[in-house]
Amino acid sequence: MNDLTDKELVQKAIESQKYSYSPYSKYKVGVALLCKDGKIFTGTNIENASYPCGLCAERVAMSKAISEGNTNFVKIAIAGSSKKICTPCGLCRQFMAEFSSSLKVLCANVEGKYEEKKLSSILPSNFESSSLK
């Protein structure tokens with residue numbers, strides 16, 4: 001596994017904000033996702049004039065990983081472009097829980113200050129595919 005520190009992963013998330021397409025909100029979000037095999041996938045928010053068509057940075061990074069056959073996620077750093085700590089929206093929390101409710105989530109601001117959370121603590125009683133059986 002990658003020996004990257006949490007602080008370095010947060011920095012990669014901040015750096016990925018440069019690719020944000022956020023002409024409407026002007027709020028850039030960057031993500032760095034660390035997989036069990038050490039690979040890192042980045043993502044950024046992509047807005048659209050038809051708001052439901054936009055994508056959050058978390059789902060972009062995870063979709064990139066999944067589309068390349070990687071679903072073993074260890075931790076994700078999420079950084080917003082303001083001084084306020086950025087947390088994932090409810091949709092992204094559920095999307096992440098599909099793959100790992102024990103995922104370590106680093107919620108950060110543009111200055112690199114971050115808080116560590118466990119996905120299960122910020123999304124209690126998540127919807128699970130096993131409940132469909």
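Buried means under 20% relative accessible area, exposed over 50% and partly exposed in between, with a 1.4 Å probe and protein chains only. The structure is a predicted model, in which local features need pLDDT of at least 70 and side-chain atom pairs count only at pLDDT 80 or more, whereas totals for chains, interfaces and linings use all residues. Residues are numbered from 1 along each chain as its sequence is written, and side-chain values use heavy atoms, leaving out hydrogens and water.

Phenylalanine 99 has a relative accessible area of 31% and is therefore partly exposed, whereas phenylalanine 73, at 8%, is buried. Aromatic rings of Phe, Tyr and Trp (its six-membered ring) pair if their centres lie within 6.5 Å; planes under 30 degrees apart count as stacked, over 60 as edge-to-face and the rest as tilted. The structure holds three such pairs. In one of them, the ring centres of phenylalanine 73 and phenylalanine 99 are 5.8 Å apart and the planes stand at 70°, so the pair is edge-to-face. Because phenylalanine 73 lies in strand S3 and phenylalanine 99 in the loop between H3 and S4, this pair ties together parts 26 residues apart in sequence. Helices (H or I, at least four residues) and strands (E, at least two) are DSSP runs, numbered from the N terminus.

Strand S3 also contains lysine 75, which counts as buried because its relative accessibility is 9%. The side chain of lysine 75 makes a polar contact with that of aspartate 6 at 2.4 Å; such a contact is a pair of N or O atoms within 3.5 Å, and within protein one must be able to donate a hydrogen and the other to accept it, with residues adjacent in sequence counting only if both atoms are side-chain atoms.
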